[in-house]
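Please keep the sequence and the structure in view while reading.

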Amino acid sequence: MSEHNIEARKAVVAELSDKVKNASSVVIVDYRGINVEQDTAMRKALREAGVEYRVIKNSALSRAFAATGNDGFDDSFVGPTAAAFGSEDPIAPCRILSEYEAKTPLTIKSGLVEGKKFDANGIKSLSNIPEKPVLLAQVLGLLTSPMRSLAIAISEVAKKKSA
């Protein structure tokens, strides 16, 4: 193996290590069996959500995870492997890949979300969390509902007293 090849591989591992360290989430999948049309649609959905998706050699991804102190992923680095790196919304890769897993041969292996390891079932559970704007609207609705009820009750009491 030439020294140029070794340096190129080290550079790839260093780049991947930075991506793993700086991503809010990394979801690891087996893309075996997915056709070009499905892959294109999935990549487009991921890109629109600000998620980077790459097919990566297991050895390089394994070294990047080890270099960032994320151990226990060895079972995920077997067979064809791709990784989705989420930046702003840590749930976006979970949600999109779970959606595509349900309708294609894609298989979620595991993931790292906000520094915590999740197995495939954990990633699927996280995918059920609503998007941030929806979640904020739900919380706001919960907070304003009791106040609205109180205001209506006070208004009704005031009407009865004035009558």
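The points below are grouped by topic. The model is a predicted one. Its largest nonpolar core holds 21 residues, and the count of salt bridges comes to 10. A search of the whole structure also finds 2 aromatic pairs.

**Nonpolar cores**

- Within the largest nonpolar core, of 21 residues, the members that touch the most other members are Val29, Met42, Tyr53 and Leu97.
- Several elements each supply at least two residues of this core, namely β1 (25–30), α2 (36–48), β2 (51–55), β3 (82–86), α4 (92–103), β4 and α5 (120–126).
- Helix α4 provides the largest share of this core, with 5 residues.
- Another core lies apart from this one; it has 16 residues, among them Val13, Val20, Ala23 and Ile28.
- Met42 touches Ile34, Tyr53, Leu97, Tyr100 and Leu106, when residues up to four places away in sequence are not counted.

**Salt bridges within one helix**

- Asp39 and Arg43 form a salt bridge in which the closest N and O atoms are 2.8 Å apart.
- These two residues, Asp39 and Arg43, are 4 residues apart in helix α2 and are therefore separated by about one helical turn.
- Asp39 counts as buried because its relative accessibility is 17%, under the cut-off of 20%.
- Arg43, by contrast, is partly exposed, with a relative accessible area of 28%.
- Lys21 and Asp18 form a further salt bridge, with 3.9 Å between the closest N and O atoms.
- Both Lys21 and Asp18 belong to helix α1 (residues 3–22), where they are 3 residues apart, or about one turn of the helix.
- Lys21 is exposed at 57% relative accessibility, while Asp18 is partly exposed at 40%.

**Salt bridges between elements, and a network**

- The side chains of Lys124 and Glu101 meet in a salt bridge, at 3.4 Å from N to O.
- Glu101 counts as buried at 17% relative accessibility, whereas Lys124 is partly exposed at 31%.
- A network of salt bridges links Glu15, Lys19, Glu52 and Arg54.

**Aromatic rings**

- A pair of aromatic rings is described by two values, the distance of the centres and the angle of the planes.
- Of the 2 aromatic pairs found, one is formed by Phe65 and Phe77, which is edge-to-face, with 5.4 Å from centre to centre and 65° between the planes.
- This pair links distant parts of the chain, as Phe65 is in helix α3 (residues 58–67) and Phe77 is in the loop between α3 and β3, 12 residues apart.
- Phe65 and Phe77 are both buried.
- Phe65, Phe73 and Phe77 are linked into a cluster by ring pairs.

**Charges over rings**

- Lys117 lies over the face of Phe73, at 5.0 Å from the ring centre.
- The charged end of Lys103 sits over the ring of Tyr100, 4.5 Å from the centre of that ring.

**A backbone detail**

- Glu114 has a phi near 50°, which is a positive value in a residue other than glycine.
- Glu114 is found in the loop between β4 (107–113) and β5 (116–119).
- With a relative accessible area of 53%, Glu114 is exposed, because exposed means over 50%.

Key
Residues are numbered from 1 along each chain as its sequence is written. This is a predicted model: local features need pLDDT of at least 70, side-chain atom pairs count only at pLDDT 80 or more; totals for chains, interfaces and linings use all residues. Side-chain values use heavy atoms; hydrogens and water are left out. Buried means under 20% relative accessible area, exposed over 50%, partly exposed in between (1.4 Å probe, protein chains only). A nonpolar core is a set of buried Ala, Val, Leu, Ile, Met, Phe, Trp, Tyr and Cys residues joined through side-chain atoms within 4.5 Å. Contact means heavy atoms within 4.5 Å. A salt bridge is a side-chain nitrogen of Lys or Arg within 4 Å of a carboxyl oxygen of Asp or Glu. Rings of Phe, Tyr and Trp (its six-membered ring) pair if their centres lie within 6.5 Å; planes under 30 degrees apart count as stacked, over 60 as edge-to-face and the rest as tilted. A charge sits over a ring if NZ of Lys or CZ of Arg is within 6 Å of the ring centre and within 35 degrees of the ring normal.
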